[in-house]
Amino acid sequence: MTVPALDIQNLVKRFGGLPATRHVSMRVEAGERRLILGPNGAGKTTLFNQITGDLSPTSGSIRLFGREVTRLPPSRRAHLGIARTYQIVTLFQQDTLEHNVMLALLGLSRRRYDMFRPLASVPQMREKARRALGQVGLDQLGQRKVSDLSYGEKRRLEIALALAQEPKLLLLDEPMAGLSTEERTTVRNLIASIPRSTTLVMIEHDMDSALSLVDKVTLLHYGQVLVEGDREAVVAAPQTREVYLGL
């Protein structure tokens, strides 16, 4: 049996007496595309935060490519190959696109301890940043400030920050939220172009755009897994129609 990219077992997170995730188990194979569906408050982002280490689970376990990471800090998990984007755009608005990507790369480099050497003097890091911007179609805007970008371009820049780290597991938290129809198409095509060497887990409310990108779907409701399986089976399940589609 192959080792899964992500193996979650009986994950529980409580905030006081309120359970945000309730015995969530999920196995994502290497190279798989997985969609996490659920209404607001279902525990989707809380689940992501536990996978990345931003939140510690109350109980349960998380394994990344066979390695137990449940108690590792986010920085250690990043070095093991996890990268992510966030629901709310998190960028240095007054800095350039290129420098934002270089800072993301710096977090995984030993050069982060060298506070006296400017990033501009590290040509290899700059080249990697430019390649990442090229992956998302922003290579011509590398010297512009982030504050000058449209919202859709900022979403693409966040994906560039994650891709620059060459992750083995990429978590995308609502990458198409708030985008116009044209921008959604651009981001959907970008996600579709990510090679299968990167395992992808995505939270997204735009089912029409997201379903064509994924192999399997997990439906969460009140922190529990209600349905999981191939996309056609999950979409057709009565629980999905009731909880998510309101039918």
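A word on the source before I start. The model is predicted.

Let's take helix packing. Two packed helices are described by the angle between their axes and the distance between the axes. I'll give both for each pair.

Start with H4 and H5. H4 is residues 123-135, and H5 is residues 151-164. Their axes are 8 Å apart, at an angle of about 130°. H4 and H5 are therefore oblique to each other. The crossing of this pair is right-handed. Who touches whom? From H4 we have Lys128, Ala132, Leu133 and Gln135. They meet Leu157, Ala160, Leu163 and Ala164 of H5. By class, the H4 with H5 contact has six nonpolar residues, one polar and one charged.

Next, H3 against H5. H3 runs over residues 97-106. The angle with H5 is about 35°, and the axes lie 8 Å apart. H3 and H5 also make a right-handed crossing. On the H3 side, the contact uses Leu97, Asn100, Val101, Ala104 and Leu105. On the H5 side, look at Leu157, Ala160, Leu161 and Ala164. How many residues of this contact are charged? None: the contact of H3 with H5 divides into eight nonpolar, one polar and no charged.

H6 is residues 181-192. The axes of H5 and H6 come within 10 Å and cross at roughly 10°. That makes H5 roughly parallel to H6. The crossing is right-handed here too. H5 brings Gly152, Arg156 and Ile159. H6 brings Glu183, Thr186, Val187 and Leu190. By class, the contact of H5 with H6 has three nonpolar, two polar and two charged residues.

Now the rings. How many aromatic pairs does the model have? The count comes to zero. For pairing, ring centres must lie within 6.5 Å.

There are lysines over rings, though. Lys168 has its charged end over the ring of Phe65, 4.7 Å from the centre. Lys13 lies over the face of Phe15, and here the distance to the ring centre is 5.3 Å.

To recap. H5 packs with H4, with H3 and with H6. Phe65 has Lys168 over its ring, and Phe15 has Lys13. That's it from me.

Conventions: Residues numbered from 1 in each chain as written. Predicted model: local features only at pLDDT ≥ 70, side-chain atom pairs only at ≥ 80, totals over all residues. Heavy atoms only, no water. Phe/Tyr/Trp six-rings, centres within 6.5 Å; stacked < 30°, edge-to-face > 60°. Lys NZ or Arg CZ within 6 Å of the ring centre and 35° of its normal. Axes fitted to C-alpha atoms, helices over the stretch in contact; angles between N-to-C directions. Helix = DSSP H or I, 4+ residues; strand = E, 2+ residues; numbered from the N terminus. Parallel < 35°, antiparallel > 145°, perpendicular 65-115°, else oblique. Left-handed = near helix turned anticlockwise from the far one by under 90°. Contact = heavy atoms within 4.5 Å. Nonpolar A, V, L, I, M, F, W, Y, C, P; charged D, E, K, R; others polar.
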